[in-house]
Amino acid sequence: MADDSKIDDAAAAEAWAASLEAEDAAKAAGAAAPGGGEQRILNQSEIDTLLGFDAKEDKRNTATDGIFAILDKSMTAYDKLPMMEVVFDRMVRQLSTTMRNFTGKNVDVNFESMTSLRFEDYLNSIPLPALMDIFRAVEWENFGMATMDSSLIYSLVDILLGGRKVATPPRVEGRPYTTIEQDIVKRVVDIVLTEMSAAFELLAPASFVFERMETNPRFASVTRPGNPVLLVRFRFDIMEDRGGIIDIMLPHATLEPIRDLLLQMFMGENFGQDTVWEKHLGKELRSTNVELEAVFKEKTAKLRDIMALKVGTTLMLDCKQSDPVILRCGGIPVTTAQIGRVEHSVAVSINDAIKRKMEE
């Protein structure tokens, strides 16, 4: 009986080994065949490369590859707004003069950068405590936001309130801004909004009006967190080593009414005009053949009278041979003329010169 049990165990082991070999061969055949059910599983390094994570690189550069590059592809299209740089360059020149008159000091305003990012990312990058000024674009029926960093706020407080002339103003971290500091920030933001309205006026009518001031980023929502926004950064240099940064944030939904104007190229003092093309177009228009009609008289008739017309029917017109003829081009009256004859041809003599009405 013991020998029989050993034979049964050996046979079962051989059968089990044969089934495992058959299963491995089937898996290998399925993986090698195209469209097979068994696929290769990505390892951790391949997954990190696909998603844009790389532990060897700095964390600040991880969002430039992989899936993040695909998600941020929509941000790139909004950066190409040539007229925005022209508008803000004029704003910088005007704002420098206005801030000098406001502070009584030598203030230099520089246009530092213009980038596109998501609204949620911008809110997360604002250091606290902060003062976020919400303003409204009246003609565009939307909102924007202006943020001033703490170093500029403390510098303006010292300069306007007669503080000591030290290189860097003292910074008090962790406390909310006082009412005096908030009023000074509001006055400076009003100046910035006024100059920005004047800069956009050359391109399209725009009025930026201060709406409210927030200290919590949760309550400063002017658009959805995932929507793209345009962030424009200005640097204020006051006296020697004082100054700071003001950020102007405009959602792309706010700029949508004038997006076509912002996409055009700037050439000198003419916004997007090509004089060579204008001359060529004017030359071609003047050499174009048009049809000119000489209408002697018009008469209104009933449909049954028109249906009753026959060969030889005479139409009576209430006019004389000396009455003027109306010249029309494309159905539009151009001028009047007098009918006559030159040799064997019927001709008209123009009475009034063709007047160009610029307003029309």
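**Exercise 1.** In which loop does Asp-241 lie? Determine also whether Asp-241 is buried or exposed.

*Solution.* The model examined here is predicted. Begin with the strands: strand 5 covers residues 228-238 and strand 6 covers 242-251, and Asp-241 lies in the loop between them. Next, consider the relative accessible area of Asp-241, which is 56%. Exposed requires a value over 50%, and therefore Asp-241 is exposed. Finally, relate Asp-241 to Ser-155: the two are separated by 86 residues in sequence, while their C-alpha atoms are 9.7 Å apart in space.

**Exercise 2.** Describe the open sheet of four strands: what is the order of its strands, and which are the edge strands?

*Solution.* The strands follow the order 9-10-11-12, and their pairing is antiparallel. Strand 9 (292-295) and strand 12 (345-350) are the edge strands, as each pairs on one side only. On average, neighbouring strands of this sheet are turned by 40° against each other, with direction ignored. Now examine one pairing in detail. Strand 11, residues 332-342, runs antiparallel to strand 12 and is joined to it by six bridges. Within this pairing, Arg-341 has Val-346 of strand 12 as its bridge partner.

**Exercise 3.** Characterise the protein chain as a whole: how many helices and strands does it contain, and what share of its residues is buried?

*Solution.* The count gives twelve helices and twelve strands. Of the 360 residues, 29% count as buried. The chain exposes about 24600 Å², of which carbon and sulfur atoms supply 54%. Lastly, among contacts with a separation of 6 or more, 65% involve residues 24 or more positions apart.

Terms used
Residues numbered from 1 in each chain as written. Predicted model: local features only at pLDDT ≥ 70, side-chain atom pairs only at ≥ 80, totals over all residues. Heavy atoms only, no water. Helix = DSSP H or I, 4+ residues; strand = E, 2+ residues; numbered from the N terminus. Buried < 20%, exposed > 50% of the residue type's maximum accessible area, 1.4 Å probe, protein only. Pairing = 2+ DSSP bridges. Axes fitted to C-alpha atoms, helices over the stretch in contact; angles between N-to-C directions. Contact = heavy atoms within 4.5 Å. Areas by Shrake-Rupley, 256 points an atom, 1.4 Å probe, with all protein chains shown as cover.
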